[in-house]
Amino acid sequence: MEKIKLNINTAKENKLPSNLEAEQALIGSVLVNNDIIDEISNIVSSNKFFDPIHKKIYEVIENLNNKGMIANPITLKNYFENENGLNEVGGVEYLIKLTRFSSSTRQAIDYSKLIHEMFVRRELINISDNITEESRNENLEKNGENIIEDAEQSLYQLAERGNFSQSYMKFNQALDQTIEMATLAMKSDQGIVGVPTGLTDLDEKLGGLHKSDLVIIAGRPSMGKTALATNIAFNAAKKIHENGEKTSVAFFSLEMSSEQLSTRILSEQARIQSNEIRRGKATEEELNRYIETSRNIYDLPLYIDETPAISISALSNRARRL
């Protein structure tokens, strides 16, 4: 008796999360009213269906919709006349049967969210299984840090796919954001809304650093790119600290050590040549000023990562941790 109970529990544990009724209802609703596709396209897609037949049906529906054609049992008929899998569940008659499960647009949206939820749970199980398999691999092809980074990347990508907020915005909403930005700029002492670089002329040009910006500092070797970047990072961290914001600045250095970078920043703020400090030629007054400056900037939310040849995925993972 105990053995039977154990087998039942094991079967329950091995069953992947799914809701076939929701899949049937959603497909049926779409076949009756193709306009529903526009409402659910950012929530569900063919790859999120659990049943292979439902996955295939919805894939064809998506293809027809992309071509501007109506998707219903009649237009889908040619695609499935030779489909053995569909024949096993009733052939084209099954497509007609699905339309009996049709519901309102609002219910269809709820069904799509349920299908998405089951998909996310299955993906979490897959990620968990991959972590377990790689952790048990005795060949040590990946170390623990690599496994963690891969898992974080997989979870992040899954979380991104799980965000189905609408990507479009009505023009008047964009205008409201523009007016808000302009108002904040007027109220700001420096006349900028973004994160200040600390360089007045550059802030005047850029209006500070903004979330949507990609700023590339280009120049020939030994022209001061790193010095400029460290100054921007320092000033951004300083402003964040002064405002009491709960955020940080991360500096990923691919060539210089954290000690070299901190020396540069400290020397810049203390206005002492870094090579004088490194060679022990600073005066006692300069050394005292050096130490005093370090105390003033000790608590800045500035982090330095000196990992050489860091991958993009590892960089993004570490930035998210901060």
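A residue is called buried under 20% relative accessible area, exposed over 50%, and partly exposed in between, using a 1.4 Å probe and protein chains only. At 34% relative accessibility, Lys56 therefore counts as partly exposed. This is a predicted model, in which local features need pLDDT of at least 70, side-chain atom pairs count only at pLDDT 80 or more, and totals for chains, interfaces and linings use all residues. Residues are numbered from 1 along each chain as its sequence is written, and side-chain values use heavy atoms, with hydrogens and water left out.

Lys56 sits in helix α4. Helices (H or I, at least four residues) and strands (E, at least two) are DSSP runs, numbered from the N terminus.

Now for how helices meet. Axes are lines fitted to C-alpha atoms, for helices over the stretch in contact, and angles run from 0 to 180 degrees between N-to-C directions.

| Helix pair | Angle | Axis separation |
|---|---|---|
| α2 (residues 20-32) and α4 (residues 52-66) | about 25° | 11 Å |
| α12 (residues 225-243) and α13 | about 75° | 10 Å |

Angles under 35 degrees count as roughly parallel, over 145 as roughly antiparallel, 65 to 115 as roughly perpendicular and the rest as oblique. So α2 and α4 are roughly parallel to each other. Contact means heavy atoms within 4.5 Å, and on that basis Leu20, Glu23, Gln24, Ile27, Val30 and Leu31 of α2 meet His54, Ile57, Tyr58 and Ile61 of α4.

For the other pair, the angle makes α12 roughly perpendicular to α13. Here Thr226, Ala227, Thr230, Asn231 and Phe234 of α12 touch Leu261, Arg264, Ile265, Glu268 and Gln269 of α13.

A closer look at α12 comes next. Its buried residues include Thr230, Asn231, Phe234 and Ile240. The buried residues of α12 pack against α11 (200-206), β1 (249-252), α13 and β2 (302-305). Just after α12, Gly244 takes a positive phi of about 70°.

As for α13, the buried residues are Leu261, Thr263, Ile265, Leu266, Ser267 and Ala270. Arg271 follows α13 and has a positive phi, near 60°.
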